[in-house]
Amino acid sequence: MRRLARIPAALIAAALCTAACGTGDAVDPGPVASGQEATPPDDRLDLDATANVRAVLEPTSLNLFGTAGAALDQVLLDNVYEGLLSVDPDDGDRIVPRLAESHTASPDGLTYTFRLVSGARFHDGTPLTAADVVWSLEQQTAPGSKGVYAADFDAIASVTAPDPATVVVSLRQRDTFLLWNLAQRGGVVYRRGTDFASLDGAANGTGPFTLAGWNRGATITLRRNPDYRGARPKVAQVVFHYIPDPNAADNAQRTGQTDVQTAADPTLLRPFTGGGFTVLRGTTTDKYTLAFNATRAPFDDPDVRRAIRRAIDKRDVVGAVGAGTLIGSAVPPQDPWYEDLTGIDAHDPGGARELLARAGFPDGLAVTLTVPSIYPRSIGDVLVSNLKEAGITLTVRQVEFQTWLSRVYRDKDFELSLVDHAEPRDLVNFTKPGYYFGYADEQVREWFAGARSAASDAERDGLLKKVARRITEDAAADWLFLNQTHTVVREGVYGVPVAQTSNRYDLSALAVAR
Amino acid sequence: MTWYLVRRTGLLVLSLAAAGVLVFTLLRLLPGDVAATIGGLRAEPERLAAIRADLGLDRPLVEQYASWLAGVARGDLGRSQLNGSSVGAELGRKLQVTGPLAAGGVVVALVVAVPLGTWAALRSRTAVGTGISALAQVGVAVPTLWLGLVLVLVFSVRLGWLPAQGFPVDGWADPGAAARALVLPCVALGLTEGAVLLRFVRSAVVGVLHADHLRTARATGLTRGRALWRHGFRNAALPVVSVLGLQLAALLVGAVVVERVFALPGVGSMLVADVGNRDLVKVQGEVFLLVAVVLVIGFLVDVAHRLIDPRLREPR
């Protein structure tokens, strides 16, 4: 009797599964809108609206000064806190004015003078002055600074305030990255004397939104700052809903619990193609980087590294994850020093075998890949089959992210590693001697240093192009793809950020129709 | 009974102490640490060392354990090393979600298991009994994750009756909204647990039905149903209560899955996030409290046994 009972059970289970498991098979994201509809005039907007936005990663803390993590930047940067400058990811990463209305550089490039906007106030009502800017930058440059981005400002010799609306930054040596770094979170201006440990309880920025509440594990609420100096936000409130599971996020968007779904899974976009929603596609800085441990044989041989690069068909990888851009180097197209390097060591299994034979492995090679389990398993599957064609047997070892951090990143105990290098403009990693790649090239370091102290942006860009080309030719790593990000927007919602949405998410244009 | 209570309480305290040591040491065996979460990929080794020193992570483990234990003894479970939030206060907030979720899950499980299990036992040789047993098999086999997704697709996406995910931002301020948010999660959790329980109820009732005392009761002229009601259920309840106690621990594990599917800010999702961030002071407070809950439930189940079954109270 017991045995008999199992048969209908299995049948019912199988039938149920075919009925409901069919949501994950679509790879083609369907039509993606080329742009957003223009925001209608204010009288057709609901200026009292609350906009609900799905995000993936919740910040671990709200201490923007001392705690790492793009999730903090996403919610706080530009919205709650502001720097002298900002970046517009939807306009090719153009540096734009923020708390500084203008800036000038001396001809020798050693002195930058910033003119502050008038009327800027902290959320507690205190007017912002140059003294606050000086104090904030000094927290970054102070010896032993706890600032996450303190190292960005090591060229600064002094910061002074000749008058309450002017800030002068003096450098020890020219720094072509200074303006960019000031536009990141290291350049955020805090009220003089802020106790950074208290930022978790009470935010005090100058931005168009105030922090209204953090319901840990679920939501962060921002409220319109009524005293903002510039154009006031077009929604009264924005609630970030932290929903890690892609299916739960899809359901929230389908049922109207969220108005905007950032970082939608490209293989789960089918429900949003029927009307009522717009799907936007933007670029990111997420470089899925296959690193070789160049300090360990046989990966100290560039031929072995190049063989592995040739063995991998990046289009297969993109097909497996649903969307992505082939970059062929560590530089995404939005950076001024981008160059299409996908032709170097392009997919060529035969060539890979030849390189391996030349390196002394005519019968192939067995290697192990260590990859954090947060990434799609399908990437590993593609790599296994791609490498097999070139005679390389790949074992994929999935580990928790913290294990990756200690085993691969800190202890350098790995052969191949795959991780998303999400930070913008991080070419510097290929010049760090002790970095986990183990890649060391004196010429690359020289070019990079030269780029930083270059006399012009053109000279800088030229040198950085050389760096990118050299690390690609040397196969310092392999770059599988640059992630693309998909945002699903409910009809009647306007002004949604499109590109690099996990790094910063400026809400000042977000609007909801009546 | 008093002596039993004293002994059983002593055992409970000992178990709690052992759990405290285990939780603390096991967490220290995990690779990675909270300094890496705070400092990020850019942090140089010196910076990471400074963060560890700030947090007191460079102290000997025994010292760290002693200061944690002293806190626990005072009722203070510590603070998050990432954002300074009080572990006790945050657990309190999360339990406002997970507590009702687990309780609702048990209610659903009992509502499913007791009547259906009894019915299946009474009709054990008929199509109805077999059908119920088959359904229970399906229920045990179906993953909670999948069941949750199906429930959402039907009742939220298609019918629009209930929210697809999440919990109201202001918690139980609007009890109706909070309860609505928990209906599908409770059903998802309860159905799977109920299916397990159903099989125990059925076999317990079948066992009792064949017991001598029930046959005697029938001989006095009672119908099968009345005999079971008067003399059977109390006996059948014993193994079911034991299993229910064990299932409560399973329910907490199931809550981790359900909270993810429904994006609920409960204890389960908090634990997963905190372990990922290596916020160990917070994790050990949370795990310790959960272990304590399970141990106390075991304690209560044992005491309940004695109350239900007078035979256990007799000295041997």
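Which residue in strand 16 of chain A is the bridge partner of Ala291(A)? The partner is Ala477(A). The structure is a predicted model, in which local features need pLDDT of at least 70, side-chain atom pairs count only at pLDDT 80 or more, and totals for chains, interfaces and linings use all residues. Residues are numbered from 1 along each chain as its sequence is written, and chains are lettered from A and ligands numbered from 1 in the order in which they are written.

Confidence was examined chain by chain. The pLDDT is the predictor's confidence in each residue, from 0 to 100. Chain A averages 91, and 94% of its residues score at least 70. Confidence in chain A is highest in strand 5, at a mean of 98, and lowest in helix 1, at 39. Over residues 1-28 of chain A the pLDDT is below 50. Beyond near neighbours in sequence, this stretch still has 26 contacts in the model. Two residues are in contact if their C-beta atoms, placed from the backbone, lie within 7 Å. For chain B the mean pLDDT is 86, with 99% of residues at 70 or more. The complex receives an ipTM of 0.86 and a pTM of 0.89 from the predictor.

Chain A contains 12 helices and 18 strands. Here helices (H or I, at least four residues) and strands (E, at least two) are DSSP runs, numbered from the N terminus. The radius of gyration of chain A, taken over C-alpha atoms, is 25 Å. Buried residues make up 46% of chain A. A residue is buried if 20 or more other C-beta atoms lie within 10 Å of its own, exposed if 12 or fewer, and partly exposed in between, with C-beta atoms placed from the backbone. Among contacts in chain A with a separation of 6 or more, 73% join residues 24 or more positions apart.

One open sheet of chain A has 10 strands in the order 8-9-10-1-11-16-12-15-13-14, with mixed pairing. Two strands pair if DSSP finds at least two bridges between them. Strand 8 (209-215) and strand 14 (392-399) are the edges, each pairing on one side only. Strand 12 (residues 277-292) and strand 16 (residues 477-490) run antiparallel and are joined by 12 bridges. Helix 9 (residues 377-389) packs on this sheet and touches strand 13 (365-372), strand 14 and strand 15 (416-421). The direction of helix 9 makes about 165° with that of strand 14. Axes are lines fitted to C-alpha atoms, for helices over the stretch in contact, and angles run from 0 to 180 degrees between N-to-C directions.

Another open sheet of chain A has 4 strands in the order 4-5-7-6, with antiparallel pairing. Its edges are strand 4 (100-105) and strand 6 (156-163). Neighbouring strands are turned by 20° against each other on average, direction ignored. Strand 6 pairs with strand 7 (residues 166-171) over 5 bridges. Within this pair, Ser158(A) has Ser170(A) as its bridge partner. Helix 3 (residues 130-141) packs on the sheet, touching strand 5 (111-116), strand 6 and strand 7. The helix 3 direction makes about 170° with that of strand 6.

At the interface, 41 residues of chain A are in contact with 46 residues of chain B. Helix 1 (2-20), strand 9 (219-224), strand 10 (237-242), helix 5 (246-254) and helix 10 (401-410) of chain A each supply at least two residues of the chain A side. Helix 1 gives the most, with 7 residues. Helix 1 is also where confidence in chain A is lowest. By class, the chain A side has 18 nonpolar, 17 polar and 6 charged residues. Ala, Val, Leu, Ile, Met, Phe, Trp, Tyr, Cys and Pro count as nonpolar, Asp, Glu, Lys and Arg as charged, and the others, Gly among them, as polar.

Asp245(A) lies in the loop between strand 10 and helix 5 of chain A. Asp245(A) is buried, with 21 other C-beta atoms within 10 Å. Not counting residues up to four places away in sequence, Asp245(A) touches Arg260(B), Val261(B) and Ala263(B). In helix 5 of chain A, 8 of the 9 residues are buried, so the helix is largely enclosed by the rest of the structure. The buried residues of helix 5 pack against strand 1 (50-55), strand 10, strand 11 (260-261) and strand 16 of chain A, together with helix 7 (144-158) and helix 10 (224-261) of chain B. Just after helix 5 of chain A, Gly256(A) takes a positive phi of about 80°.

Definitions and conventions
Rg over C-alpha atoms; globule rule 2.2 N^0.38 Å.
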